[in-house]
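Please open the structure in your viewer and keep the selection panel handy.

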Amino acid sequence: MNKRLLALLSLLVIASMALAACGGGAPAAAAYECTDAIGCVTVAPGDPIHIAYALTVSGATASLGEDSKGAIEIAIADRGGELLGHPIELTGEDTLCSAEGGQAAGTKLSADATIVGIIGTNCSGEARAAMPLISQAGMVMISPSNTNPDLTNPDHPDSHPGYFRTAHNDLFQGRIAAEFAYNELGVRKAATIHDGSPYAESLQKVFADVFRELGGEVTAQEAINVGDTDMGPVLTTIAAGAPELIYFPIFEPEGPLVASKAKEISGLENAILMGADGLFADTFPETTGSAAVGMYLSGPYVDVNNSAYGEFLAKWADQIGGVPPSGFHAHAYDATNMLLNAIEQVAVVGEDGTVNIPRQALRDALYGLKGYAGLTGNLTCDANGDCATGEALGVFKLSQAEVDGAWPPPVFWQP
Amino acid sequence: MQSLKRFSWTDIFMWIVGATLLLLIVIGSTLTLQQGKYTTVQWFDLAVFGLAQGSVYALIALGYTLVYGILRMINFAHSEIFMSGAYLGYFVATSMQRNGFLQENPLLGIVLIFLTAMTTSAILAVILERIAYRPLRGAPRLVPLITAIGASFFLQYTFRGLFGTQNRAYPEIDYIRGAIPLFGDFQIQKIQLVVIIAAAVMMASLAFFVQYTKTGKAMRAVSEDKNVAALMGIDVDKIIVRTFVLGASLAGAAGVLYCFMFRIVTFYMGFIPGLKAFTAAVLGGIGNPPGAMLGGLFLGIFESLGPTLFLDGLGIPAPYQLKDVIAFTMLVMILIFRPTGILGERLSKTKA
Amino acid sequence: MSTQNRFNWQKAIQLGGIAGLIGVLIALVGMVESFDHRDIVAGAISMGWTMLLLTVLVAAYFSASHQPSKSFSLVASGITGFIFSLVMSLLAFLIENLDLRQILVNASPNLLKILTLENGIPNGLISLIVISTIFGILGGALYILPAKIRKAISLGLGMVAFLGLMEDIIQVTIASTGSGNSAIGWMFGRGTQSGLSIIGAIVVFGVVIGGNLLWGTNAPKINAQVSKMPPNRQRSLRILGYGLILLVVLYLPVVLGLYLTEVVNVTGLFILMGLGLNIVVGFAGLLDLGYVAFYAIGAYTVGVLTSLSGQLSTAFEWNFWWALPVSIFICVMAGVVLGIPVLNMRGDYLAIVTLGFGEIIRILALSDFLKPHIGGSQGIVNIPPPDFLGVLLNKPQTLYYLIVAGCILALFVSQRLRDSRLGRSWKAMREDEDVAQAMGINLVATKLLAFATGAAFSGLSGTILAVKLGTIYPHSFALLISINVLSLIIVGGMGSIPGVFIGGLLLAGMPELLREFAEYRLLIYGALLVVMMQVRPEGFWPEETHKREFHEDAPDVTPVQEAA
């Protein structure tokens, strides 16, 4: 008892000393007068300009995070790792594709006042939980792959100042998929499957709504659980409605399981399979095997013949190795460049090389971005933070070549 | 004790809940069948899917039940043993695919894949037993459970670290692909037939092994009473290791069968089948190998048929999302009315 | 073991081999490479190498402990280090000559570079061998040093490693208190470097060793003085202590800053759940693997009742403070309803059925079936933060007080329950149900009360989670949470209330602090659970009855005198 008490007392003494020490530090005198409404970041000579990522780099969605992270690293390497004569420091947090992970990462990043801007998050749920803090800390965050419409809906409480995205939202992609199925393929009966993720559920809902609106019939809106492997039963049930097309905007490994099983179900042998950008990854055709041949995927489209994109892929192969594992690398690359450009644009460089970055001005510069020629097209941000062009979306058709390892597939149709 | 228990309000509550659920099932099934939305062929297909999946559950469940019978512990890491076999089998399968061996000698190739997987699983199980479980003999019940949970995480993420995060797929082996026509419109996928038959053969040989061989008899003796078995000259540690090897080989084989059906291997692939298999083991009566087999098949078929049969008629959207709800509800119901599983547990009366 | 004074070759080589295998595993799992850029001491030693060298150090220490004399110990530890380096060299050699990457993704040329210190195969390997052997001998030296000094050195090294790991958090926290980095800047790496600076490391090491030795010599004196005081003085000292604790607790978020407060909050939610599960598993002995169900029910109740999103079928839009008691009441009822079916089940049947309940609740929350009412996979968004007398609890620092209040309440309730008649009934039931019933304990009521109380705490935790996140998704209520809470109370010590706090700090707080380890978190978590169960199965702060159970051979009456 006494020992514990004693330990406690000493802890208190140490704590109070630490407090006193913290309080006593002299404030650094700054020559630059910061007049920005939400403050400035001051980078002393030799110190790095600090940007961060908040991506899902572990777990089942790791390929999404790795894809964006690689693109950010390339964008930084493109500038020789320097901005305005300062090294660029990139740190990051894993967001785990969950609200808890997003909040923890968001809190940690927003606590670090040296951070100028953040590239992230991958999953929309993370952004909802992270953004209030990040916005309050005065930082900007540009997401390469949040697709939930709420985030840039000014009437929704989950939209916050300082939030931008280069990804298209679900309303757009779901509509394109439905229009493609109805108008281009001439399909009149379709079924959908989602996996209980907010992304897939919302995408299939938009698809189903638009498809009905166009005059088609949705025979079933089924769902599976993440981790399911036996897709036979659910597909047999779907087969009862005899759909001509099955739209399953889900992820790996459930996506390949659905695709390869569908071909074995009597009544679905000839059904057209269609997925979305969640399956737009080089591993998908490989794991699906022959069943992937003839399948359609909607996803972010970047013209492979676009020389800038070709260069980007070459850099990827050189610096990171292989090909990008998912579909949002171009969005992340554009996001990073937008951020770095905006910093360059608003930064005030002192005589000794000190850089001051006013935060509100940085936000304003991004809101005012017009016609930036990125990999995903000409990006213009609106007042809600939506910078996606909508140009960068297409429908792809997989063939035997992709199953044998070619990636990305050729674009089949564009809106 | 059980029989002497007086009738209480909790029993009435449970009977009401049970009756309500049963009523719902009956109404739902009747409505579904009345709608006539699904053909007989489709019902047959559903049952076959369930049977194939159930066979795999049964094979894994045997591993749980064998270990439980002897050590009274839930070997949570058994699901990772299942995964490890499938994973190493993948590397052999792809390399054989690449040099054409698998296409030329499909049968031999398949046997090799099985051997690799079963050996891997068995080795891993022996290591696990030696390092993690053996020092804990005689510890309170929760300690081995937590160890097993820890080992499960450790193995899962070690595999993730060693072999990477990406999903990999077994090669498509033409030898076991395609459908076999039965009478009329009925047909069965070759692979499903293979899985069902292979599982049945393995389960039968296990039953034979446990019943008639010397090791099998020793296993039963150890599960009855460790101390007496030791007095009878049985090397208890050795028998425990053999039990682990046996259970693990079955899990490894189940892993390969599973991958022949679904092709995809991931580091977390063991978790859900493992959970289901354990449910199956409890369902059938834990510590009871025939019970585990029955429980596995039962669970597989219920998962496959249940959602459509019970829920579709009630107008519940996306019934397959709820298949685990059906599985677990059934487990609870069976345990309430038959507290030791369908076939009853086969454990000695002495407390663990 | 045959003779007392012979050099134990076998052990030295065996331990070296084991250490080597562990090293290879660490390398191939990818930890060495991922943490190569993360320095513990800037420019001197990376985290990846720290792990390898720590392995050598520990193995050599044990190797030394198996030898009969001091000189033998040094030699043996050197041999262990040497064998370790041989195994690692073999790995390097294999990477160089075979394309292992096809199967083992981390066996990359980059790993080879790190292992050989960028010096190529022959030269680099020699330095690897030399370094490992030296560290082996250091491990042995650590063994033969007197216990006092050994403890001081280990603490010093541990502190350097800890501060090096926590460097970014410490810097950010101190910077946020306003004094800027200048006061402590010299301690840490400059610019893009990470970890402590070399001077910083030396200073930390020195201060810790000095402090430890000083404390070691003076602590007994101070202790003796305190115990010599008259009882009433001691009591007032204790009250003073409690008062000071309270002050610290209230003041904590100001000191900790944004992020560390967030970590405390997350830990607090887990402690709250742990206190509840401790009643169910620790006191009453009912193994519950579906505890997350009540966490979910609490969160969803408050979500449905307070959400302003307008996306659910019924918009209650209540105030949080109205929803809170309702939510807890519903959890209690859920505890009873889910408790009834399992009344007659024991042990592992109970475990699997409760696990099933947890999954059922999660899947129902996720399902399209209940989507109109509770949001399905889109979850419930726009849950407003609680308003406490005009203060909006929407920041970690303000939410902190809500969580602390919850924890104190739960702490008080469990402490009182433990010592009550009900608490003793629970313990009796835990030890033997049949005997407990024979002694006149009403098993039905006792079990249901345990489930209900546990559910209430978990529900409270879930309720706070909902307002903390502002959005809830079914994915937040996975089985992993149940397992984590169970592990937490077992690591802390089953049935022990202080144990819950320790377990919470270790299994919820530490992983949150070590976010960097992201992809290796569960790997380390699993390994730690296994090791912990082997080394200290009764937990870090075991309850008295449990401690006795684990050491049944030891005489019952000897008071355990812990070393200072």
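This is a predicted model: local features need pLDDT of at least 70, side-chain atom pairs count only at pLDDT 80 or more; totals for chains, interfaces and linings use all residues.

Residues are numbered from 1 along each chain as its sequence is written, chains are lettered from A and ligands numbered from 1 in the order in which they are written, and side-chain values use heavy atoms, with hydrogens and water left out.

**Stop 1: chains A and C**

Select chains A and C together. Their contact takes 52 residues from chain A and 49 residues from chain C. Between them the two chains bury about 4,300 Å², 61% of it on carbon and sulfur atoms; buried area is the accessible area (1.4 Å probe) that two parts lose on being put together, summed over both.

How many salt bridges does the rule find across this interface? There is one, and you can see it by picking A:Glu201 and C:Lys371, whose closest N and O atoms are 3.3 Å apart. A salt bridge here is a side-chain nitrogen of Lys or Arg within 4 Å of a carboxyl oxygen of Asp or Glu.

Eight residue pairs are also in polar contact across the interface of chain A and chain C (both at pLDDT 80 or more). A polar contact is a pair of N or O atoms within 3.5 Å; within protein, one must be able to donate a hydrogen and the other to accept it, and residues adjacent in sequence count only if both atoms are side-chain atoms.

Now colour the elements of chain A that face chain C: α1 (2-24), β4 (86-94), α3 (99-111), α4 (124-136) and α6 (198-214) each supply at least two residues of that side. Helices (H or I, at least four residues) and strands (E, at least two) are DSSP runs, numbered from the N terminus. By class, the side of chain A that touches chain C has 21 nonpolar, 17 polar and 14 charged residues. For these classes, Ala, Val, Leu, Ile, Met, Phe, Trp, Tyr, Cys and Pro count as nonpolar, Asp, Glu, Lys and Arg as charged, and the others, Gly among them, as polar.

**Stop 2: chains C and B**

Keep chain C and bring in chain B. Here 59 residues of chain C are in contact with 60 residues of chain B, and the pair buries about 5,100 Å², 76% of it on carbon and sulfur atoms. Pick C:Asp348, C:Tyr349 and C:Ile352: they supply 13% of the area that chain C buries against chain B, more than any other three residues.

Between chain C and chain B there are zero salt bridges and five residue pairs in polar contact (both at pLDDT 80 or more). Several helices of chain C each give at least two residues to this side, among them α1 (9-29), α13 (347-366) and α18 (443-469). Which of them gives the largest share? That is α13(C), with 13 residues. The side of chain C that touches chain B has 41 nonpolar, 10 polar and eight charged residues.

**Stop 3: the two domains of chain A**

Hide the other chains and colour chain A by domain: domain 1 is 40-167 + 328-384, and domain 2 is 171-302 + 394-413. These bounds come from an automatic or database domain assignment. The C-alpha centres of the two domains lie 32 Å apart, and seven residues of domain 1 are in contact with five residues of domain 2.

The two domains of chain A bury about 570 Å² between them, 73% of it on carbon and sulfur atoms. Select A:Thr147, A:Pro149 and A:Phe328, which supply 51% of the area that domain 1 buries against domain 2, more than any other three residues. Between these domains the count is zero salt bridges.

**Stop 4: backbone details in chain A**

Most residues other than glycine have a negative phi, and most peptide bonds are trans. Zoom to A:Gly120 and A:Thr121, joined by a cis peptide bond with omega about -5°; A:Thr121 sits in the loop between β5 (115-120) and α4. The peptide bond from A:Glu252 to A:Pro253 is also cis, with omega near 0°, and A:Pro253 lies in the loop between β10 (245-247) and α8 (254-262). Finally, centre on A:Leu84, where phi is near 50°, in the loop between β3 (82-83) and β4.

How values were computed:
Contact means heavy atoms within 4.5 Å.
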